[in-house]
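This report describes strand pairing, nonpolar cores and salt bridges in one protein model. Please consult the sequence and the structure shown here alongside the text.

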Amino acid sequence: MPAICAAKRQQTRVGAAHGRDHDFPQSDFRSSNDDAILSRVPSPESRVPSPESQVPSPESRIPNPESRIMPPPPEPPVSDPDDPMVFRASGITKVYDMGEVQVHALRGVDLELFRGELVVLLGPSGSGKSTLLNILGGLDVPTGGHVWYHGQDLTEADDRELTRFRRDHVGFVFQFYNLIPSLTARENVAIVTEIAAAPMPPEKALAMVDLADRMDHFPAQLSGGQQQRVAIARAIAKQPAVLLCDEPTGALDSLTGVRVLEALERINAELGTTTVVITHNADIARMADRVLHMADGRIASGERNAERVPASELHW
């Protein structure tokens, strides 16, 4: 026992000699390579940067002009209420990310639409017609490019501004009618007139689509063509500057579809509403001022009809 106590006292004296207050031998904390490692650790003085090294040189503060060069955006048209150009689109692209696959719906679309004209976008399914229509109407935003409405860049608008744009300037007609079953035709139209800035009476809107005698009927009491005409009356009741129609006759037979097209034709003629109809039905193109052919996300070609054929003379 005395020998053990003497050994512990000896360890204590060694620890004290090395500035430690514990009884463990020095070899427990340092290996044979510690001295070599510590020799590579910079001293505290060397870790403090000099004031001169923290001040950038005048040359380093001047950015390289070449590193900041970006292609300028297209020049926007000047906003002019008397300008006949309603829409201008430049380089519109739209890419949908579907997991590991990217779907290119639009591949650089340039487009101009003018006040009062009736334009048909003609093309097969998947050609990008609906995507382009949704972007023009503010329902979707492009991946690239710009869209101007009377000189205002819609691609720079926030959600609130796009909502105001849709509410005040655009009417939509879709393939499916989206009527509220529990409301009459008059009440379905009146919903829109309650939030519009300068609406027409629901009765007048329904009369324009030849439904004056069906105002108080519910959707279930109307044929498919009559329901679509109620949807058109609802779209025009807020007196929009633009009417965008996505396959308005797609769910209808030929005779009923012609009645719907007659309603669109009348609205375009009497109200001067810029009207865009997208379809895959080539016969409908004969009633348009201009026809734009879409394929693979691009406008492949365009043509102006020398003479518009009345909707009543169309058949398919």
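## Sheet, cores and salt bridges

Four strands make up an open sheet in the order 2-1-4-5, with antiparallel pairing. Strands (E, at least two residues) and helices (H or I, at least four) are DSSP runs numbered from the N terminus, and two strands pair if DSSP finds at least two bridges between them. The edges are taken by strand 2 (101-114) and strand 5 (152-153), each of which has a single partner strand, so one side of each is left without a neighbour in the sheet.

The model is a predicted one, in which local features need pLDDT of at least 70 and side-chain atom pairs count only at pLDDT 80 or more, while totals for chains, interfaces and linings use all residues. Residues are numbered from 1 along each chain as its sequence is written, and side-chain values use heavy atoms, with hydrogens and water left out.

Within the sheet, strand 1 (residues 85-98) and strand 4 (residues 144-149) run antiparallel and are joined by five bridges. S90 stands opposite H146 of strand 4. Strand 4 also pairs with strand 5, in the antiparallel sense, over two bridges. W148 has D153 in strand 5 as its bridge partner. The hairpin of strand 4 and strand 5 has two residues between the strands, and H150 takes a positive phi near 50° there. Helix 4 (residues 129-136) lies across strand 1, strand 2 and strand 4 and runs at about 60° to strand 2; axes are lines fitted to C-alpha atoms, for helices over the stretch in contact, and angles run from 0 to 180 degrees between N-to-C directions.

A nonpolar core is a set of buried Ala, Val, Leu, Ile, Met, Phe, Trp, Tyr and Cys residues joined through side-chain atoms within 4.5 Å. Buried means under 20% relative accessible area, exposed over 50%, and partly exposed in between (1.4 Å probe, protein chains only). The largest such core has 40 residues, and V120, L206, V230, I232 and L243 have the most contacts inside it. At least two residues of this core come from each of strand 3 (118-122), helix 6 (185-193), helix 7, helix 8, strand 7 (242-246) and helix 9. Helix 8 supplies the largest share, six residues. Apart from neighbours within four places in sequence, V230 is in contact (heavy atoms within 4.5 Å) with residues including L179, A185, V189 and L206. A second, separate core of 26 residues includes L111, L113, V119 and L121.

Salt bridges complete the description. A salt bridge is a side-chain nitrogen of Lys or Arg within 4 Å of a carboxyl oxygen of Asp or Glu, and the whole structure holds 10 of them.

| Salt bridge | N to O distance |
|---|---|
| D210 and R266 | 3.9 Å |
| R286 and D283 | 3.2 Å |
| D289 and R308 | 3.2 Å |

D289 is buried at a relative accessible area of 18%, whereas R308 is partly exposed at 28% relative accessibility. Salt bridges with shared partners also join R186, E203 and D216 into one network. In the pair of R286 and D283, R286 is partly exposed at 32% relative accessibility and D283 is buried at 16%.
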